[in-house]
Every structure is written in C-alpha cells, then in structure tokens.
Amino acid sequence: QVQLVESGGGLVQAGGSLRLSCAASGRMYSTYEMGWFRQAPGKEREFVAAIRWTGGRTDYSDSEKGRFTISRENAVNRMYLQMDTLKPEDTAVYYCAARSPRGGDSWLRRAEEYVYWGQGTQVTVSS
C-alpha cells in the first residue's frame, strides 16, 4: 500500500515556475512506477509526465516536453515536477500517481494503469 500527498501548487503568473512535490509513504516506494496527471474544470484527466522506478526512463506529454521536468528521490520517498514557462492552459489540479513495477512503456500515459493517487494540488496560472 502506498499513500501519496502532493504539495507545491499555487497561483503564478504566465511565464513563471512552480515545483510540485509528491510525498509517498509505504513500503517498497522505491520500486513503484510514478506519474503526474492533471485535470482542468470540465475536462478529462490527462497525462503530464511519468518516471520509471529506476529513474532512468521518463516520458512527457508533447505539450509539456521542454517545459516540465520530472524527477524522484527514492531515498526520501519523493517525486517532483518542476514546471517552467507556465501558461494559463496549464491551470488544473495536479495529481501524482503510482503503481507496482510493470514491464514495457506503452502503459505509462494511461491513468487507468495507476493504482494509487494523491488528493491533488491546485495550480493556477494567470495571464
């Protein structure tokens, strides 16, 4: 069992930066696959970024590639999302998610593949 708690959201102007953090508790965190998703009002939850449990493989949605950076520190059970050059369309509730290890990469972007979810943190980008 893994419990996830996000933090670091807030209000920022367009072009600014935020760093989200996801604190995980529970055994075997270091072997869990992790991801960030977001959901804007009236829209479906969408994939943002993912990182394999080894930390050596990352994936980003096309709209975030080059602006966002996902990372993790297994020693302190934390995952991060550094968000730079933020745009108003990045406004959403951001969720971290986790699942037990799985082979292949094709599932990384699918929300239904993740088992554990945090409560979310609001990110609002003003124009």
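1. Rings of Phe, Tyr and Trp, the last taken by its six-membered ring, pair if their centres lie within 6.5 Å. In this predicted model, one aromatic cluster is formed by Phe-37, Phe-47, Tyr-95, Trp-107, Tyr-114 and Trp-117. By the same rule for pairing, the count of aromatic pairs comes to seven.

2. One of these pairs consists of Tyr-95 and Trp-117, with 6.5 Å from centre to centre and 75° between the planes. The pair is edge-to-face, because planes over 60 degrees apart count as such. It links distant parts of the chain: Tyr-95 belongs to strand S9 (residues 92–99) and Trp-117 to strand S10 (residues 116–117), the two residues being 22 residues apart.

3. Trp-117 also pairs with Tyr-114: the ring centres are 6.4 Å apart and the planes stand at 65°, so this pair is edge-to-face.

4. Tyr-95 is buried because its relative accessible area of 13% falls under the 20% limit. Trp-117, at 26% relative accessibility, counts as partly exposed.

5. Turning to the strands, an open sheet is formed by four of them in the order S1-S3-S8-S7, with antiparallel pairing. Its edge strands are S1 (3–7) and S7 (68–73), each of which pairs on one side only. Neighbouring strands of this sheet are turned against each other by 15° on average, direction ignored.

6. Within the sheet, strand S3 (residues 18–25) pairs with strand S8 (residues 78–83) in the antiparallel sense over six bridges. Cys-22 has Met-79 in S8 as its bridge partner.

7. S7 and S8 also run antiparallel and are joined by six bridges. Here Ser-71 stands opposite Tyr-80 of S8. The hairpin of S7 and S8 has four residues between the strands, and Asn-77 takes a positive phi near 55° in this hairpin.

8. Arg-19 lies over the face of the Tyr-80 ring, at 3.9 Å from the ring centre. As a general point, side chains in a regular strand alternate between the two faces of the sheet.

9. Which strand holds Thr-121? Thr-121 is found in strand S11, which covers residues 121–126. With a relative accessible area of 11%, Thr-121 is buried, because this value is under the 20% limit.

10. Leaving aside residues up to four places away in sequence, Thr-121 touches Glu-6, Ser-7, Gly-8, Gly-9, Leu-20, Ala-92, Val-93 and Tyr-94. For Gly-9 there is a further detail: its backbone nitrogen lies 3.2 Å from a polar atom of the Thr-121 side chain.

Notes. Residues are numbered from 1 along each chain as its sequence is written. This is a predicted model: local features need pLDDT of at least 70, side-chain atom pairs count only at pLDDT 80 or more; totals for chains, interfaces and linings use all residues. Side-chain values use heavy atoms; hydrogens and water are left out. Buried means under 20% relative accessible area, exposed over 50%, partly exposed in between (1.4 Å probe, protein chains only). A polar contact is a pair of N or O atoms within 3.5 Å; within protein, one must be able to donate a hydrogen and the other to accept it, and residues adjacent in sequence count only if both atoms are side-chain atoms. Contact means heavy atoms within 4.5 Å. Two strands pair if DSSP finds at least two bridges between them. Axes are lines fitted to C-alpha atoms, for helices over the stretch in contact, and angles run from 0 to 180 degrees between N-to-C directions. Rings of Phe, Tyr and Trp (its six-membered ring) pair if their centres lie within 6.5 Å; planes under 30 degrees apart count as stacked, over 60 as edge-to-face and the rest as tilted. A charge sits over a ring if NZ of Lys or CZ of Arg is within 6 Å of the ring centre and within 35 degrees of the ring normal.
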